[in-house]
Amino acid sequence: MTAHQPIVAPVFPDEALAAMAALYPVKAGRLGHSLGDHPLLTLEALATLGERLPAAQVEYNPGDIPIGIRPEDIPSNGLSIGETIRTIDANRSWAVLKNIESEPKYRALLMDLLSELEAVVAPRTGAMLTPQGFIFISSPGSITPFHFDPEHNILLQLRGTKVMHVWPAGDERFASRVEHERYHTGGHRNLPWDDGFRDGAQQVPLAPGDAVLMPVMAPHFVANGDAPSISLSITWRSEWSYRESEAHAANAALRRLGFDPAMPPRWPRHARAKTLGWRVLRRLRLVA
């Protein structure tokens, strides 16, 4: 298969789509895939991609960091992005290439994969909006800190192993409403960590051929296995996810006025008045 050829055979088998249908959009769980080796996803191809992407689309640092490290405390690994990826076997680092859809060949791969999921997604959360792709390259034993993300996400494991530790989205024991408000008004994705959280985790082990469905804003951290890892994350947004984001942003505005608003419900259609009000305020330029 050359880099520009579309995927012919389905990557997600029928049993993976059936498993996804039972989980989506609110539960995490393991799926299967058959993406296998792909010329766009070799270490050299990814190193070249990383060198070509703008600085805002690459992130890399030492991989042996605490689960709950603050963003401002994460040190540099002293390497370039290309060096980090090419020597990932031994440099004890972690890297992510963001928004790979900015590159035409990677966008084509992303859209091919997302198209296989549409029959499951559309009846539940509507159109697949804002498709984005992220590639994670990790040294043995590296950690991706405790955080959450605003997208619907399926992460495909391509090389090595890792364990995804996931907590229920919307559960304030693990991510308070204030943390949601902070994030949805421009804050960092990393979350405060407490060792007491471990007992509440769902652990999803991943090897090549495995994938994991991640719900919107589900707190999680990732522990890499004892070999270098490559993972591809394919993501999309929905009107549902955007409404949830707007409800949290509206709550942040109310909190600044001295109120203590309740956590929005997981299905944002129930927070419709709050999200519509937020959109009106933004159009009137009364909030940032």
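**Exercise 1: The largest pocket**

Task: For this predicted model, state the volume of the largest pocket and describe its lining.

Solution. Step 1: the volume of the largest pocket comes to about 480 Å³. Step 2: its lining consists of 27 residues, and those closest to the pocket centre are F134, F136, H147, D149 and R189. Step 3: sorted by class, the lining residues are eleven nonpolar, ten polar and six charged.

**Exercise 2: Strands in the lining**

Task: Which strands each supply at least two residues of the lining of the largest pocket, and which element gives the most?

Solution. Step 1: the strands that each supply at least two lining residues are β3 (93–97), β4 (129–138), β5 (143–147), β6 (152–159), β7 (162–166), β10 (220–224) and β11 (229–237). Step 2: the most is given by β4, with three residues.

**Exercise 3: Packing of α1 with α5**

Task: How are the axes of helices α1 and α5 arranged, and which residues make the contact?

Solution. Step 1: two packed helices are described by the distance between their axes and the angle between them. Step 2: the axes of α1 (residues 14–23) and α5 (residues 118–125) come within 9 Å and cross at roughly 15 degrees. Step 3: angles under 35 degrees count as roughly parallel, so α1 is roughly parallel to α5. Step 4: the crossing of the two helices is right-handed. Step 5: α1 contributes L17, M20 and A21 to the contact, while α5 contributes V120, V121 and R124. Step 6: by class, this contact has five nonpolar residues, no polar residues and one charged residue.

Note on methods: Residues are numbered from 1 along each chain as its sequence is written. This is a predicted model: local features need pLDDT of at least 70, side-chain atom pairs count only at pLDDT 80 or more; totals for chains, interfaces and linings use all residues. Side-chain values use heavy atoms; hydrogens and water are left out. Axes are lines fitted to C-alpha atoms, for helices over the stretch in contact, and angles run from 0 to 180 degrees between N-to-C directions. Helices (H or I, at least four residues) and strands (E, at least two) are DSSP runs, numbered from the N terminus. Angles under 35 degrees count as roughly parallel, over 145 as roughly antiparallel, 65 to 115 as roughly perpendicular and the rest as oblique. A crossing is left-handed if the near helix is turned anticlockwise from the far one by less than a right angle, and right-handed if clockwise. Contact means heavy atoms within 4.5 Å. Ala, Val, Leu, Ile, Met, Phe, Trp, Tyr, Cys and Pro count as nonpolar, Asp, Glu, Lys and Arg as charged, and the others, Gly among them, as polar. On a 1 Å grid over the protein atoms alone, a cavity is a set of points where a 1.4 Å probe fits but cannot get out, and a pocket is an open set with protein on both sides within 12 Å along at least five of seven lines; lining residues have an atom within 4 Å of a point. Grid points are joined across faces, edges and corners, and a volume is the space filled by probe spheres set on the points.
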